[in-house]
Amino acid sequence: MVVMNEFCILFDLAMAVIFFLIGLYFYKSDGKAANLLTGYNMKSIEERKKYDEKEMCKDYGKRMMLWAIPFLAGAVIDIGFPGKGMLIAWVIWIVMFVLLLIERHRREG
């Protein structure tokens, strides 16, 4: 049981660090990380000129850094209730991700 508790806490913390660091990279990339965005990297040069890459990367960077918060909360919850925090974190993250996809579809559609 202790191993499961430690795994859940470490997994949540690792996910939080990963999301935070990737978000920080996007935020500070000065628009250079735009090519890493799915779909954007497949647009033609003419289509890319319609977008402010610097602002787009800052927006996605902020969003990814926010995605770290559910996993930090999950790690705290896992201290008392192993596995429950990780489940809650993933559910919240999936909701946040779906909301991003809906917003992106509205903007680009």
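Buried means under 20% relative accessible area, exposed means over 50%, and partly exposed lies in between, with a 1.4 Å probe and protein chains only. Helices (DSSP runs of H or I, at least four residues) and strands (DSSP runs of E, at least two) are numbered from the N terminus. The model is predicted: local features need pLDDT of at least 70, side-chain atom pairs count only at pLDDT 80 or more, and totals for chains, interfaces and linings use all residues. Residues are numbered from 1 along each chain as its sequence is written, and side-chain values use heavy atoms, leaving out hydrogens and water.

## The whole chain

The chain has five helices and zero strands. From the N terminus on, its elements run α-α-α-α-α. The radius of gyration is 17 Å, well over the 13 Å that the globule rule gives for 109 residues, so the chain is more spread out than a compact globule. That radius is taken over C-alpha atoms, and the rule is 2.2 Å times the number of residues to the power 0.38. Along the principal axes, the C-alpha atoms fill a box of roughly 55 × 25 × 20 Å.

How much of the chain is buried? Buried residues make up 33% of the 109 residues. The chain exposes about 7,300 Å², and carbon and sulfur atoms supply 71% of that area. Areas come from the Shrake-Rupley method with a 1.4 Å probe, and for residues only the protein chains shown count as cover.

Contact means heavy atoms within 4.5 Å. Among contacts with a separation of 6 or more, 67% join residues 24 or more positions apart.

Helix α1 covers residues 2-28. Its 27 residues should span 39 Å at 1.5 Å a residue, and its end C-alpha atoms are 39 Å apart, which agrees. The expected span is 1.5 Å times one less than the number of residues. Helix α5 covers residues 84-108. With 25 residues, α5 reaches 36 Å from its first C-alpha to its last, close to the 36 Å expected.

Which residues of α1 are buried? They are Asn5, Cys8, Ile9, Asp12, Met15, Ala16, Phe19, Gly23 and Phe26. An α-helix has 3.6 residues a turn, so residues three or four places apart point the same way. The cover over the buried residues of α1 includes α3, α4 and α5.

In α5, the buried residues are Gly85, Met86, Ala89, Trp93, Leu100 and Arg104. Their cover includes α1, α3 and α4.

Arginine 104 of α5 counts as buried because its relative accessibility is 18%. Leaving out residues up to four places away in sequence, arginine 104 touches Thr38, Gly39, Tyr40 and Tyr60.

Alanine 14 sits in α1. It is partly exposed, with a relative accessible area of 35%.

## The loop after α1

Aspartate 30 follows α1 and lies in the loop between α1 and α2. Its phi is near 60 degrees, a positive value in a residue other than glycine. Most residues other than glycine have a negative phi. Aspartate 30 is partly exposed, at 45% relative accessible area.

Glycine 31 is in the loop between α1 and α2 as well. Is glycine 31 buried or exposed? It counts as buried because its relative accessibility is 8%. Beyond its neighbours within four places in sequence, glycine 31 is in contact with Glu53, Lys54 and Cys57.

Aspartate 52 lies in the loop between α2 (45-48) and α3 (53-66). Aspartate 52 is exposed, at 51% relative accessible area.

Lysine 58 belongs to helix α3. It is partly exposed, with a relative accessible area of 25%. Lysine 58 touches Phe26 and Tyr27, not counting residues up to four places away in sequence.

## Pairs across the chain

The table sets sequence separation beside C-alpha distance.

| Pair | Apart in sequence | C-alpha to C-alpha |
|---|---|---|
| Aspartate 52 and glycine 31 | 21 residues | 8.0 Å |
| Lysine 58 and glycine 23 | 35 residues | 8.5 Å |
| Alanine 14 and tryptophan 90 | 76 residues | 13 Å |
| Glycine 31 and lysine 43 | twelve residues | 15 Å |
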